[in-house]
Amino acid sequence: MAKLIRVGQTLEVPDRLPVVALRDLVFFPYMVLPLLIGRSKSLEALDEAERDHEGLLLLLAQKDAEVDEPGRGHLHRVGTIARVLQVTKLADGNVRVVLEGLGRAKVRRFLPWENGFRVSLEPYVASERDEPGSSLPDVEALIRGVERLYHEYVHLSSRIPDELLESISADGDRVRLAHLMSAHLLVVVSERQELLEATSTEAHFELLKEILLRELEILRIEEKLDAQMQLQMDSDRKQFYLQEQLRAIHRELGSAEDDEWDELESALEHTPLPEHAMERAQKEFGRLQKLNPVSPEAAVIRTYLDWLLNLPWTLASTDNLNVEHAARVLDDAHHGLHEVKDRILDHIAVLSLVGELRGPILCLVGPPGVGKTSLGRSIARALDREFVRVSLGGVRDEAEIRGHRRTYVGALPGRVIQGMRRSGSRNPVFLLDEVDKLARDFHGDPGAALLEVLDPEQNRTFTDHYLELEYDLSHVLFVTTANTLAGIPEPLRDRMEIIRLPGYLETEKRAIARDFLWPRQVTRHGLSPSKVHLEDDAVGRIIHSYTREAGVRELERRISRLARKIARRVADGTSLASDEVTIGTVHLKELLGPPTNLSDVGHMDDGRPGIANGLAWTEAGGQVLDVEVAVVPGSGTIQLTGTLGDVMKESAFAAVTYARSRAVRLGLDRYFHKDLDIHIHIPEGATPKDGPSAGITIAVALISALTDIAAKPDVALTGEITLRGRVLAVGGIKEKAVAAMRSGIKTVILPVANMPELELLPDEVREALEFVPAATMDEVLVRALVSPPGPCDELALPGFLEGGGRQLGTQIS
């Protein structure tokens with residue numbers, strides 16, 4: 001038998017008792033508490049306690065309350081011996097039992113028992129009475145301090161009744177006081193178990209003090225927060241009451257604003273807005289309700305709320321991440337354009353793997369009519385996204401991008417936010433058309449405003465002046481278009497991925513006309529594509545004789561004219577809609593008139609010295625330009641005509657200086673420049689021309705005129721010249737090569753440094769043209785003129801070339 005010593009009594013209890021495991025509960029001595037017992041092991045322990053142990057059992061707390069069938073390792077080793085006071089069996093099989101805690105006990109070992117837990121135990125401490133020395137002043141002060149803290153704790157806690165204080169007093173047993181305080185603390189089970197295992201009364205009160213100080217701090221904070229919430233609720237009730245009074249006044253006066261406010265309230269409740277946007281919307285709505293409905297500021301706030309509530313803050317369309325579907329959509333709408341198609345398919349493929357990807361900033365650069373704008377619409381269809389187009393041509397005010405501040409009359413958001421509202425989605429394909437035609441004046445620089453829009457690191461917090469809120473543009477796929485990079489500011493260009501569209505080859509134009517343009521125009525004009533046919537030869541004749549462009553706009557206009565002529569014949573009865581009609585080359589002159597475009601090189605022959613073919617890059621694509629040089633007796637004057645820019649003029653003077661430096665080896669009089677006037681002219685004088693690309697072309701035409709040796713009519717040149725005759729790299733090789741092939745050129749002489757760019761040319765261009773690399777003007781003259789100038793043997797010597805001779809004429813295919 002074990003002895004438990006309580007106040008005024010000593011209890012003898014068996015040293016072996018059954019165990020009841022408790023979940024989420026630590027049972028303390030002196031507690032009287034009803035429990036609901038339902039687990040089979042606990043019921044067996046209760047039956048044995050009543051049958052064999054005079055209603056005594058040991059209560060042990062579980063370490064983990066989630067365990068339904070605990071084992072020995074799931075139970076704490078210190079618990080409370082309790083006496084069963086009352087047992088009530090319930091209808092559902094559970095038992096309601098009232099227990100009284102007698103004292104603490106420690107498990108020495110678990111005894112085998114199939115039906116539950118039975119343990120051998122010993123009292124946890126030698127005595128549950130006050131320990132010797134517990135009446136010292138320090139201990140007495142500690143106990144009184146804990147008692148005051150506990151009184152404050154009970155008053156602040158809404159879950160503990162104040163009547164409990166009457167039953168807890170230190171006048172009797174301090175051990176009893178410590179246990180009862182511990183039993184009514186609202187703390188976690190682990191801390192309650194720590195209190196139960198306290199080894200002395202002083203240690204027990206020290207632990208109680210620590211817990212009470214912490215819990216009181218928490219309760220004071222909660223009380224402060226409750227008071228603040230109550231104050232806010234009282235303020236809200238007051239505001240609601242005043243608003244209801246104001247609405248009642250408006251109803252009495254017959255005001256129609258009440259319905260509008262109800263609509264706005266409903267929209268605010270049901271529109272998913274980010275936290276910062278919702279806060280601003282509610283603030284503005286509160287201001288609106290206080291204003292006179294007919295005041296100008298009320299109209300401004302209503303418009304502002306309308307913009308806030310109609311922007312797609314969270315709504316996004318679901319991307320179609322099927323790469324095959326995207327490829328099919330792009331191929332159905334566009335012929336060629338492989339580079340940009342591959343870039344879009346790469347984006348879709350990566351998006352399908354990672355799930356979320358910042359939208360790229362693509363810049364499509366190419367001449368008019370190559371399909372830049374329509375390509376943006378096709379990208380949206382491929383991704384199943386909304387499409388928005390904003391034209392930036394001529395935009396000169398920064399407010400067009402960022403919006404106007406609400407202080408201005410008629411203020412609106414910028415075009416970016418307007419486009420997002422039209423799309424109704426936060427992840428559309430957003431096309432910024434003609435980005436190279438932005439203007440700037442004293443109103444600001446719209447190009448600088450676009451830096452934030454088109455920067456993937458910044459556009460997630462884009463701020464419009466009208467909204468004055470951050471709007472996330474990082475999910476938008478931006479596509480910009482331009483005819484040239486020259487008009488795009490360098491910082492803006494740095495933020496975009498440049499994709500060049502050089503123009504269509506003749507085979508591509510034929511395919512586009514056959515598969516896209518002709519069926520579309522025939523259908524638009526009320527004709528049947530199965531009844532009206534356009535021969536391939538007729539398409540080729542239209543391309544050669546009626547158009548001169550890198551794109552297909554003029555080609556579509558010519559085809560549209562053919563369809564109009566056929567539709568007119570059907571309309572006036574000349575032919576029937578059911579008749580088969582085939583348009584061949586013989587019908588073009590009748591339907592389209594005489595050809596408007598002549599070949600660029602067909603008019604040249606071998607007997608015209610002083611003329612050379614140059615390759616130029618324009619916003620409309622590549623172009624073949626003639627350079628003419630006339631030499632007449634005079635006093636050494638150099639005249640330049642053809643609306644030449646400063647760079648091209650410098651190239652002309654460099655060519656003259658080169659010719660003078662090579663006069664003897666070219667078979668010229670050393671002082672020819674003193675007795676001859678040189679006139680350099682580039683036709684189409686109304687068109688401004690500039691750039692370094694014409695340097696070697698001017699030099700060839702000049703030397704051709706001075707030596708009376710004609711330049712080859714099927715050779716075109718591009719490259720910059722230096723005073724020492726070196727040939728430097730230039731840009732636009734892809735566009736120039738396409739223009740050369742389109743114009744019937746057979747050989748293109750270009751700088752050696754540009755040779756790697758030939759790998760990017762279409763196979764059709766590389767097979768049709770012979771590309772000759774040149775590092776010096778001497779190499780250029782050998783291939784560009786009908787016969788080499790000066791003594792033939794001298795041109796063949798290595799000493800004729802500065803730095804040694806070169807092997808020329810390699811064909812790139």
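A residue is called buried when its relative accessible area is under 20%, exposed when over 50%, and partly exposed in between (1.4 Å probe, protein chains only). By that rule, helix H15 (residues 446-453) is mostly covered, with six of its eight residues buried. This is a predicted model, where local features need pLDDT of at least 70, side-chain atom pairs count only at pLDDT 80 or more, and totals for chains, interfaces and linings use all residues. Residues are numbered from 1 along each chain as its sequence is written, and side-chain values use heavy atoms, leaving out hydrogens and water.

**Helix H15**
- Helices (H or I, at least four residues) and strands (E, at least two) are DSSP runs, numbered from the N terminus.
- The buried residues of H15 are Pro446, Gly447, Ala449, Leu450, Glu452 and Val453.
- Their cover includes helix H14 (415-423) and strand E14 (477-482).

**Nonpolar cores**
- A nonpolar core is a set of buried Ala, Val, Leu, Ile, Met, Phe, Trp, Tyr and Cys residues joined through side-chain atoms within 4.5 Å.
- The largest one has 52 residues, and Tyr150 and Leu185 have the most contacts inside it.
- Helix H2 (residues 137-156) supplies the largest share of this core, eight residues.
- Counting contact as heavy atoms within 4.5 Å, and setting aside residues up to four places away in sequence, Leu185 touches Tyr150, Tyr153, Arg192, Leu195, Leu208, Ile211 and Leu212.
- Another core, of 51 residues, lies apart from the largest one and includes Leu264 and Phe478.
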